[in-house]
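This briefing is intended for a reader who has the sequence and the coordinates at hand. It is arranged by topic.

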Amino acid sequence: MKAAGLNVVRMGESSWGRWEPADGKFDFAWMDEVVAEMGKAGIQVIMGTPTYSIPVWMYAKHPGMLARPLGGGDTGYGMRQNMNIDDPDYRRYAERIIVALVRHYKDNPHVIGWQLDNETSAYGSANASVHREFVTWLQAKFKTTAALNEAWLLNYWGQQVDSWENFPTRDFANSTGYKLDWARFQQWRASRFIGWQADLVRRAARSDQFVYQNNASLSRAEVNAYDMTRPLDVAGNDVYFNWQDEYDGRHQTLQGNLARGAKGRNFFVAETTGQAQGWDAVKQIPPYDGQMYQDVFANIGNGANLHMYWHWSSLNAGQEIYWKGVLGHDHEPNRIYAEVARTGNDLKKVGAALVDLKKDNRVAVLYSTDSNNALTFMPFDKWTKPLPPSFHADGYRRIFERVNAALYQAKVETDIVFADAPDFSKYKLLIVLALYIADDALLQKISDFVQQGGHVIMTFKSGEANENFMVRWHTAPGPLRQAAGFKYQETSTLLKPLKLKGDPFEVGDGNTVETIAELLQLETAQALAYYDHPFFGRYPAVTRNQYGKGSLLYQGTELGEAQQLAVLKEELKRIGLYGPDQELPPAVQIKHATSKAGKKLHFYFNYSAAAVNVGYRYGKGTEMLAGAPVQAQQDLALAPWGVAIVAED
């Protein structure tokens, strides 16, 4: 590790049974030895609270602490993250191990911070105690059952709740309002749990020891990333992907944008892919030469202050045998280690200038956890063709990933703005994706943003339902109608893809739309495209409306990938956000940042196996990795899977 230039390791979070091999019997000696060796090598330690995987003795004493799944299915010991995080026995044991651990390492100079738990959620717990607390949570929110019945429209099927004592469990609920509030409640439980741990650690820790949590993707519907990061010093994210030809930096960029947006500051890549990943050996995809080196600098250029792999040496037994680390099963130096060593030693030279980079993006994407959940409970796309392999989910997340992929392909750096605290004031362009769940205040904020001079690209399914999952009584798109410049009363599933009349965005074979068609009726908006179809052809598929000083472009259907990119580029040109970055070769990506010293930095990445020359169009400076001078307007040579970082003088 020392020879590879590594300066931090994370340890301990998977080891409750080793820390506490029997009830109340603690063993720190084994880790003390490791921490001491790390200190001798100049490597700092982040210690993890080991609360995500309970010891077998604890289960034997308290089997009731395991999470009961919805419907009351089988549960048992053997899997991690299978406990009710609010069970009083679990909390008592968790507090005891956390406090003992933190006190033990409080004064150890090599322990610089704490990771709270691991990839936390509420794990779907539907135990009786969880249900009782949910009822209490609802009472605080709605005050009376009459208000709840009205908000959830429970007179449908005669399911009005007559008293809180008779409130039914979530197991077989069909009320969409119930499902959404249950999801919010579970997210709240997870956030509360992390806040509880943060408070315990801070009260026992050294004042300069930070706390963070490693989220298993900040776009998971099980967590509210914005709320969960409130009690933390920094947001952490676990970013997993496949190498080789599936690796293009897109997923890493999106997850970094989410992490940066959740906390509003730089973030940690707490775990990422080493050699390969999988709980089986079906898809072992080690990186090509250069990919691991490049990926570290891509994360740094996106605002990462820390980059760690899961894990150091591959396990020789257990479920994660083929979730390969930097070292293989022989634990000997290898090709991957050599590349990690190259990275670490280059960071010794330039890393200090790349910490706490500042981003100044003009484009933002609005992310809605509620809409993510709601469009899972009420899907709109089950009739469509199978998902393409490049996308990881259906419904909201597919639209979210598809449009973010178009932004990435257009080389537009973006921020993620969370619906929990929407602030659009610094942006010129706001992307609103399938904002199915929104209260009137959020929709008014979007409308005001347009009226005051902002520009919006919005997709179908936006503004349809209120905060209680109730479709609005007003003609769609409800409070957005004036800003959007159209109305509609009907929506049709598209049982097969359609074309747009005349190929308006000039994409040739990519001229297809799919999934859904909202039958828009123009009021003040202008039609940019119509369907090529004997019935749907009377309705516009894409519109733009000038409203006040700004504009709102609306997509009433799911555009194909080529069309989405073409629409985005056309809008970027129209509003003055199209420049030299957008003219770079397709395989090249660029990121910009400002260093703590105030220098403008430009990161160039070649995501291909062929060398390429790119036009550098910024002020003269120095290429940091090679230490070579760079002139304004010169060409940069990028090796296959190469990276260049230019610091302007």
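The points below cover a sheet, its helices, the nonpolar cores and selected residues.

This is a predicted model, in which local features need pLDDT of at least 70 and side-chain atom pairs count only at pLDDT 80 or more, while totals for chains, interfaces and linings use all residues. Residues are numbered from 1 along each chain as its sequence is written, and side-chain values use heavy atoms, with hydrogens and water left out. Helices (H or I, at least four residues) and strands (E, at least two) are DSSP runs numbered from the N terminus.

**The parallel sheet**

- Seven strands make up an open sheet with parallel pairing, in the order β1-β2-β3-β4-β5-β6-β7; two strands pair if DSSP finds at least two bridges between them.
- At the edges are β1 (8–11) and β7 (304–307), each of which pairs on one side only.
- Strand β2 (residues 44–48) runs parallel to β1 and is joined to it by four bridges, with M47 in β2 as the bridge partner of M11.
- Helix α2 (residues 29–40) packs on the sheet and touches β1, β2 and β3 (111–115); its direction makes about 170° with that of β1.
- Helix α4 (residues 88–105) also packs on the sheet, where it touches β2 and β3, and its direction makes about 165° with that of β3.

**Nonpolar cores**

- A nonpolar core is a set of buried Ala, Val, Leu, Ile, Met, Phe, Trp, Tyr and Cys residues joined through side-chain atoms within 4.5 Å; buried means under 20% relative accessible area, exposed over 50%, partly exposed in between (1.4 Å probe, protein chains only).
- The largest core has 122 residues, and F297 and I446 have the most contacts inside it.
- Helix α13 (residues 395–409) supplies the largest share of this core, seven residues.
- I446 is in contact (heavy atoms within 4.5 Å) with residues including L366, F424, V456 and L480, leaving aside neighbours within four places in sequence.
- Another core, of 48 residues, lies apart from it and has W19, V111, L200 and V201 among its members.

**Helix α11**

- The 16 residues of α11 (residues 335–350) should span 22 Å at 1.5 Å a residue, and the end C-alpha atoms are 23 Å apart, which agrees; the expected span is 1.5 Å times one less than the number of residues.
- Among the buried residues of α11 are I336, Y337, V340 and V350, and what covers the buried residues includes α10 (291–301).
- At the start of α11, a side-chain oxygen of N334 comes to within 3.0 Å of the backbone nitrogen of I336.

**Two buried residues**

- W16 lies in helix α1 (residues 16–19) and counts as buried because its relative accessibility is 0%.
- Not counting residues up to four places away in sequence, W16 touches residues including P50, I54, M58, Y90 and I97.
- H602 lies in strand β21 (residues 600–606) and counts as buried because its relative accessibility is 4%.
- The side chains of H602 and H592 make a polar contact at 2.8 Å; such a contact is a pair of N or O atoms within 3.5 Å, and within protein one must be able to donate a hydrogen and the other to accept it, while residues adjacent in sequence count only if both atoms are side-chain atoms.

Key
Axes are lines fitted to C-alpha atoms, for helices over the stretch in contact, and angles run from 0 to 180 degrees between N-to-C directions.
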